[in-house]
Amino acid sequence: MRAILVDAPGGPEVLQLRTVARPELKAGWSLVKVKGFGINRSEIFTRQGLSPSVRFPRILGIECVGLVAETTDPERLPVGTRVISLMGEMGRDFDGSYAEYVLLPNAQIYPIATSLDWATFATIPETYYTAYLALISLRIEPSDRVLIRGATSGVGVAFAQLIKAQFPQISLAGTSRSLSKQSQLEAVGFDQVLLDQEDKLQTEEMFDKVLELIGPRTIANSLEHTKDFGIVCSAGQLGGQWFLEDFDPIMALQGNRYLTTAYSGRVSQGSLQRLFDFIERYQVTVKPEKIYRLEELAKAHGRMEATDSFGKNIVLLEDTDELS
């Protein structure tokens, strides 16, 4: 099969298209024919050697959609079933989805009943799942003023589409390091775009709910812009910092502010299905920003690192023109 193999950590150039052996079935695992997958910033960190558990050589990729090709669980996962898989150390502890086939633990494969085309289906898994979990964690009310810190990211755009589908009149602001993407942000539902410079919001405004996607680097500043009894949900690490440093919770959380998270590693069949039900019920617009071929992954990583991207970038394999 064709796969993108990383022999050693480095820049986008280490993503090399190779012909490798197709994985062999083993007890408790099934083989999925990959139809498409989203590209995630965590995969950039893994490619750089920053994921603690990764060992090289490795095929990256923490999510995919596809069809069951070979199975050890024919009752739940019969051959031909349309499925999603995400997280669970996929692409780190074991080879992931940057390939034509991926071998996955049965418990990490989730059948999904959907008529969505492959491009739409592949846009959803990790990004929209994280955004959906954040929507729940933030306990959104129609009267809330909501801020997304890191609004141009895939999760930021997905969250905007989810929240505006459910609450069309809600006040939604988003941050960016440049106002050059203001029109793009407004087109996906943002009512206001704020500058974020040197890890500080360039405003004195306060918000009821904050989706924090930059992460520990800016959490303290986000809390300073959160109203009493407001909630900050930290669900990303775009700032490249993993841990809070010099954080005084008594002072930072005064005024009964709450700090929570949305961890996409907590996956279940039920929560995934509820996401798809939500998308159908509220007729959420789901569309990738850009579609790449497998051999273009190095180009896609480079573009994401250069911050040129907006929203979710995906890869479709060549035979995915129709659901089959």
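Is Lys312 buried or exposed? Lys312 is buried, at a relative accessible area of 5% (buried means under 20%, exposed over 50%, partly exposed in between, with a 1.4 Å probe and protein chains only). Bear in mind that this is a predicted model, where local features need pLDDT of at least 70, side-chain atom pairs count only at pLDDT 80 or more, and totals for chains, interfaces and linings use all residues. Residues are numbered from 1 along each chain as its sequence is written, and side-chain values use heavy atoms, with hydrogens and water left out.

Lys312 has a salt-bridge partner in Glu63, with the closest N and O atoms 3.5 Å apart (a salt bridge is a side-chain nitrogen of Lys or Arg within 4 Å of a carboxyl oxygen of Asp or Glu). Glu63 is buried too, at 0% relative accessibility.

In total, the structure holds 18 salt bridges. Another one pairs Glu289 with Arg303 at 2.7 Å, N to O. Here both ends are partly exposed: Glu289 has a relative accessible area of 29%, and Arg303 comes in at 23%. Elsewhere, shared partners join Arg2, Glu100, Arg293, Glu295 and Glu296 into one salt-bridge network. Within it, Glu295 and Arg2 meet at 3.3 Å, N to O.

Now for the helices. Tyr128, Tyr129, Tyr132 and Leu135 in H3 meet Ser271, Leu272, Arg274, Leu275 and Phe278 in H8 (contact means heavy atoms within 4.5 Å; helices are DSSP runs of H or I, at least four residues, numbered from the N terminus).

Technical notes:
Helices (H or I, at least four residues) and strands (E, at least two) are DSSP runs, numbered from the N terminus.
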